[in-house]
Amino acid sequence: MADDLKEQKPAGRGTALIDGVLKEVKGLKDKALDDVQSLKKPQKTQLFKSIFRVTHDEKPRNRALGILSNVFLHLHPAKINRDAVAYNYTWGMGGITFYLFIVLTFTGVLLMFYYHPTKVQAFRDILYLEHDVPFGKLLRNMHRWAAHLMIITVWLHMFRVFLTGSYKKPREFNWMVGVILMLLTMLLSFTGYLLPDDQLGFWAVTVGTNMARATPLLGHEGPLGPELGMTAFNDVRFALLGGSIVDSNALLRAYIWHCIAIPLIAGIFMAVHFWRVRKDGGISGPAPVMLESEIKEPRRF
Amino acid sequence: MDWVQLWEITTLPDNVPIVLLILVIPFYTWYGLRQAFANDRLIDRLEADPEMAKTHHRKTQPWKPGWAREVQVWPYLLRMEFLVAIIVTFILMVWSITLDAPLEEPANPSLTMNPAKAPWYFLGLQEMLVYFDPWMAGVVLPTLILVGLMVIPYMDTNPLGNGYYTYKQRKFAIWAFFFGFIVLWLSMVVIGTFIRGPGWIWFWPGQTWDHNKLIFEANRDLPDMFGITSMLGKSLFGAAVVGLFAVVTALGVHKLFTWNAFNRKIYNRMSLIQYLLLQFFLVTMMLLPAKMVARLLFRIKYVWVTPWFNI
């Protein structure tokens, strides 16, 4: 087409304009081709670089950087004991527990959209969830079974850590943090039990909190409680329930403990737990076996 | 046999986790012990052959010179984590689609559920209420369980078995933990689920729950059986019996703890405080089976009766 234009020699103002436009068009076309070319190498784009910071070439250095420079993955070390990767040592129970916590947070937040922690609405909200909300029943089921499963995986995690002696030096403190996390897991499940406001939760929580009456010193039926002036209206059970019976205040308190307070506290303890796993030298094993003859004499003061 | 009722209890949605627990605990116990015994055999070989101990890889996992001892987290660990996450999600999905979470009638304080059961993971505590007063079963013992778990690393002076499965090098620790976790805690959960019926009465699995059943068993206090009537006498007698129990149990624990030369070596590494802590927690733990036997076999309610508390 450009050749055609050249042959029409007598040039006027009109052809000069057309030439200019065509030049512009060619420039745009080249730019567009450049853009298309760059799509073939997305890792070279400014967008990609700004998000991922390093290229994901299959080089050891870049594989390590892929872990270390990623906020979600940086809890991992870059390299790990080759035998720790197999399932048989850790049983994956700590990781599964954390994954279930994430699942529970996700489904829990969705459930919160449909739930009012009041005596008038709580039970109706559950019925609404089960019968009218799209996938509401599945959502509630997943939240419940993930909670039960999490307790089992926490116990198995503790069982594994005991059997491998992983609580020994230098991980003593992290074991303590773990015990607290186990308690928090069970309290999370327990506070959630009341929220449907049905007979099951009501009586389970009644039975559970009735034990608090008998707290020594702080319960009105406990040893030395009455002597210290404890009644049903000022003891530790009253503080838990916000009243002397399981009623609307108890429902609200269970809701706030369940959805806000305990998850926050557990989050802090989890941060410490994971951080200490790394600081104490990563995962404990499988370590080379030690022999009785190699025991060092303990240091005496 | 009331198979229908047994099936109903087993398939109660909130009891399904316990059925799962009954399956996974023996599996993982076997899975862990199998690796422990494999390591024990390796330890035996290394102890028999000091030269081999200097050169060997010291693990049951395969390894050859030239193999890296560490692998990259990406992809070797992350792909496992991803796979496990997918499997867990799948299991959870199937479970949630096939089994509905329980929802009973609206809460009604004037209509008591019988039996009124705590969530299954607290049934161990509820079962303990049979044997101890609430201040013990509901407050003191749970606190001691948690504190006892937390101080385990500070009482265990055995440096062996750190980071690998072993039975031979940690016999006492493993037996103590199995006894506490499986025999006491988990079996009490199972008793609370499958055996305790209306009125928290003992019904064997398959025995029909009779809501009108009454048991006219006169529970006795130990001092009454000896004809002690005065409060002072009861207090002193109970203190003596509990004291005697503590001494006898502590001696038994000591005997087991210093059973062989290796155990005595570990014992010698302990400070006095560590040893007393260990004795305190183990003797307290043994209170439970002792009271279970006293209550279930001899109908004894309290051993130690005082004006302020009963044990």
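This is a predicted model: local features need pLDDT of at least 70, side-chain atom pairs count only at pLDDT 80 or more; totals for chains, interfaces and linings use all residues.

Visitor: What radius of gyration does chain B have?
Guide: A compact globule of 311 residues would have a value near 19 Å. The C-alpha trace of chain B spans about 75 × 55 × 35 Å along its principal axes. Its radius of gyration is 25 Å.

Visitor: Are H5(B) and H6(B) parallel or oblique to each other?
Guide: Two packed helices are described by the angle and the distance between their axes. Here helix H5 (residues 123-131) of chain B and helix H6 (residues 134-155) of chain B have axes that come within 7 Å and cross at roughly 135°. An angle over 145 degrees would count as roughly antiparallel, and 65 to 115 as roughly perpendicular. H5(B) and H6(B) are therefore oblique.

Visitor: And which hand does the crossing of H5(B) and H6(B) have?
Guide: We are still looking at the pair whose axes cross at roughly 135°. The crossing is right-handed.

Visitor: How many nonpolar residues does the contact of H5(B) with H6(B) have?
Guide: From H5(B) come B:Leu125, B:Met128 and B:Leu129, which meet B:Pro134, B:Ala137, B:Gly138, B:Leu141 and B:Pro142 in H6(B). Gly counts as polar. By class, this contact has no charged residues, one polar residue and, for nonpolar, seven.

Methods: Residues are numbered from 1 along each chain as its sequence is written. Chains are lettered from A and ligands numbered from 1 in the order in which they are written. The radius of gyration is taken over C-alpha atoms; the globule rule is 2.2 Å times the number of residues to the power 0.38. Axes are lines fitted to C-alpha atoms, for helices over the stretch in contact, and angles run from 0 to 180 degrees between N-to-C directions. Helices (H or I, at least four residues) and strands (E, at least two) are DSSP runs, numbered from the N terminus. Angles under 35 degrees count as roughly parallel, over 145 as roughly antiparallel, 65 to 115 as roughly perpendicular and the rest as oblique. A crossing is left-handed if the near helix is turned anticlockwise from the far one by less than a right angle, and right-handed if clockwise. Two residues are in contact if their C-beta atoms, placed from the backbone, lie within 7 Å.
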